[in-house]
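User: I have a model open and want to learn how to read its features. Where do I start?

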Amino acid sequence: MGKIFGCLVVVVTILFVGFIMMLVTSLSGGGRFYPFVAMGSAVLLALFVIVRMFVPIRPRVQYRALAACILLIGLTIAGYEINRAYVNSIPKVSEQDVDLDAYRPFQPAGRLAVLDKTATLALSSDLPKMDGATALYPLYAAFAQAVYPQKHYDRYDSEVMVNTTPTAYENLIDGRVDLIFAAGPSDAQLEAAKEKGVELKLTPIGREAFVFFVNAANPVTGLSSAQIQEIYAGNVTNWQQIGGRNEEIRAFQRPENSGSQTMLEKIMAGRTLMKPPQEDVVSGMGGIIAKTSDYRNYKNAIGYSFLYFATEMMRNGDIRLLAIDGVTPDISTIANKTYPFAAEFYAVTAGSKNPHVALLIEWILSPQGQELVEKTGYTPLHR
């Protein structure tokens, strides 16, 4: 009886330590793999203790079996780390990889578009507080550089901020900014505004193409609108079904309520989106959450963004834009409306009492404002 009790104490202790290690690796960024390894190793050690105490097998055989299991675990970890290093080496299209400081107003060697003449509007006080999508920051920062006074504009706390589309809409609805520059709101953002008693006013200021891209080595050069819908509905799952290689399609998506994800939902025309590839990340509050992946340039992947971001801000020569319904996305096909996934982007307001908001939007719609739209790389409203 004493032997059984002693064994039980040891096994419970090992399993408890394994459980603690599983939690520690989960909360420290171990994903799903290392928690599994921690708990699996504890179970293996507990089984070894039980066999060692109760099964009449020679100790040498038992220890050799344990050594073999430890070696197998080591090889598994090594294989996992090699694969992870390979995945991390694959180029990734992520908004976090863009050097936004290059687009901050009044930078000595900045990349903002500039007017040929002095702006017809000059604001010196009561500056409308701006926010917006990452891809539109180079545009509205150029607006600010043209009509705002020269000073330092912090990207996170100033009159010219830049956030993701969801955060920009939150800031606008909560009254922290006067206007934002973004794609149209999602249903959830419209509902959030309604709950706060806020009416969103969308003023079109330019047009842009919503583009899909693949690895440059992918033989597929174009898709139809229907094929895009079939891929993202999960009905087309292999490139061979649409003229490519016999490879599974990795259809990446963006976070909910982002401008590009909202655009994808509109393209789907009410059809249900398939579950996207997932990445396990650690939340700030301590726990594992599933995050929609940014596009990683696997040879079998497909992703999407807006034309300017994909071609100007990222400048990634390892991806190729797809023609849609036989039409290549560029400024001319956006302007003549032959590219099917072109859409307007907006200056969005929510009842700001700042007296200069209306003046600023009026100037943006003027020839000078539209000149900056075109010089930045977007399509003006009337080209």
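Analyst: Start with burial. A residue counts as buried when its relative accessible area is under 20%, and as exposed when that area is over 50%. Partly exposed lies in between. Keep in mind that this is a predicted model. Now take helix α4: Tyr137, Pro138, Leu139, Tyr140, Ala141, Ala142, Phe143, Ala144, Gln145 and Val147 are buried there.

User: How many of the residues of α4 are buried in total?

Analyst: 10 of its 11, so by the under-20% cut-off the helix is mostly covered. For the protein, 47% of the 383 residues are buried.

User: What is the overall make-up in helices and strands?

Analyst: The protein has 12 helices and 13 strands. Then look at contacts. Among those with a separation of 6 or more, 73% join residues 24 or more positions apart.

User: Which residues touch the most other members of the largest nonpolar core?

Analyst: A nonpolar core is a set of buried nonpolar residues joined through side-chain atoms within 4.5 Å. The largest one here has 40 residues, and Tyr140, Phe143, Tyr148, Phe181, Leu360 and Trp363 touch the most other members. Elements giving two or more residues to this core are α4 (137-147), β3, α9 (307-313), β13, α11 (357-364) and α12 (367-376). α4 gives the most, with eight residues. Apart from this core lies another, of 35 residues, including Ala183, Phe210, Ile267 and Ile324.

User: Which residues does Leu360 touch, beyond those up to four places away in sequence?

Analyst: Leu360 touches Leu121, Pro128, Met130, Val147, Tyr148 and Leu179.

User: How do I read a strand?

Analyst: Look at the side chains in order. In a regular strand they alternate between the two faces of the sheet. Strand β3 covers residues 179-182. Leu179 and Phe181 point one way, Ile180 and Ala182 the other, and all are buried.

User: Which strands pair with β3, and in what sense, parallel or antiparallel?

Analyst: With strand β2 (residues 130-132) it pairs in the parallel sense, over three bridges. There, Met130 has Leu179 as its bridge partner. With strand β13 (residues 342-349), β3 pairs in the antiparallel sense, over four bridges. In that pairing, Ile180 is bridged to Val348.

User: Why does Ser225 count as buried?

Analyst: Because its relative accessibility is 18%, and the cut-off for buried is under 20%.

User: Where is Leu15, and why does it count as partly exposed?

Analyst: Leu15 is in helix α1. Leu15 counts as partly exposed because its relative accessibility is 31%.

Key: Residues numbered from 1 in each chain as written. Predicted model: local features only at pLDDT ≥ 70, side-chain atom pairs only at ≥ 80, totals over all residues. Heavy atoms only, no water. Buried < 20%, exposed > 50% of the residue type's maximum accessible area, 1.4 Å probe, protein only. Contact = heavy atoms within 4.5 Å. Pairing = 2+ DSSP bridges.
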